[in-house]
Amino acid sequence: DGDLITGMGVVGYTMQNASLSAVAVNATRPGDHVINVVNTTAPTALVLSGGGDHTVAVSSAAALDADTARGPVALPGTLAGITADLTVEAGEGRHRLLVSDADGTDDAAWEVGPERVARAGGGAVILRGGSFARGVTVWTGHGADAVEVNGVRPEAPTAVYTGPGGDSVTVTAAGASAAPLVVHGGAGDDVIEASAARTPLVLLGGGGADAIAHGGGPDVIFGDDGAAD
């Protein structure tokens, strides 16, 4: 909170044009730190160490600070600048990952899993080690997106927001996990196929004529946004 990192392509905890083999974030005093990743031009490793509960936001519009990162976040922007893989090495602490292409307009294929979040045609965000117990949240864009969720980290509540297009989300993860998976279809005629899932589910179709299938467990399902009249 209040720290400033300069040089090596990092300014105020904002990584721009990152083309380094490794960027180390080492807390020199107790505190929770925020790292905004705007773009990557070569494979880059972000090492979270030194203690603290860090937030990593990946988006062209990522501009969080210590205050805005504490509560719920709706992260705008695109992943157009993420052209190379970003590996997040999580050390001690309970971390949070936010990945957003919310303002993207193209139809896109996505992979969301316990070790990887990737939009086809761009760099992937790769998760290594540590704990992301404060959650992993992904926003897809305005197009008709196809998302495969092949698992969630056992300690990390995971949320996928697919935006206003006619999207399809397929949950192929058959392994049980204590952490819940939330899928919000947004506006549009969405298909959410989660009959193979063995993790706790919260499925919201959003606006439009949606088709939702779940895994038969004690899941929470709404055809709309889940708001009570």
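**Exercise 1. The nonpolar cores**

Which residues have the most contacts inside the largest nonpolar core?

*Solution.* The structure is a predicted model, in which local features need pLDDT of at least 70, side-chain atom pairs count only at pLDDT 80 or more, and totals for chains, interfaces and linings use all residues. Residues are numbered from 1 along each chain as its sequence is written, and side-chain values use heavy atoms, with hydrogens and water left out.

Step 1. A nonpolar core is a set of buried Ala, Val, Leu, Ile, Met, Phe, Trp, Tyr and Cys residues joined through side-chain atoms within 4.5 Å. Buried means under 20% relative accessible area, exposed over 50%, and partly exposed in between (1.4 Å probe, protein chains only).

Step 2. The largest such core has 36 residues, and those with the most contacts inside it are Val56, Val58, Leu97, Val125, Phe132 and Val149. Strand β7 gives the most to this core, with 3 residues. A second, separate core of 10 residues includes Ala57, Leu64, Leu98 and Trp139.

Step 3. In soluble globular proteins, nonpolar side chains tend to be buried together.

**Exercise 2. The chain as a whole**

State the secondary structure and the burial of the protein chain.

*Solution.* Step 1. Helices (H or I, at least four residues) and strands (E, at least two) are DSSP runs, numbered from the N terminus. The protein chain has 0 helices and 20 strands.

Step 1. Of its 229 residues, 48% count as buried.

**Exercise 3. Aspartate 85**

*Solution.* Step 1. Aspartate 85 is placed in the loop between β6 (55-58) and β7 (86-90). With a relative accessible area of 31%, aspartate 85 is partly exposed.

Step 1. Contact means heavy atoms within 4.5 Å. Not counting residues up to four places away in sequence, aspartate 85 touches Ala42, Pro43, Thr44, Gly123, Ala124 and Ile126.

Step 2. Glycine 123 is 38 residues from aspartate 85 in sequence, yet their C-alpha atoms are 4.3 Å apart. A polar atom of the aspartate 85 side chain lies 2.9 Å from the backbone nitrogen of alanine 124.

**Exercise 4. Serine 131**

Is serine 131 buried or exposed?

*Solution.* Step 1. Serine 131 counts as buried because its relative accessibility is 18%. Its place is the loop between β11 (124-128) and β12 (136-139).

Step 1. A polar atom of the serine 131 side chain lies 3.2 Å from the backbone nitrogen of alanine 133. Beyond four places in sequence, the contacts of serine 131 include Ala90, Arg94 and Glu155.

Terms used: A polar contact is a pair of N or O atoms within 3.5 Å; within protein, one must be able to donate a hydrogen and the other to accept it, and residues adjacent in sequence count only if both atoms are side-chain atoms.
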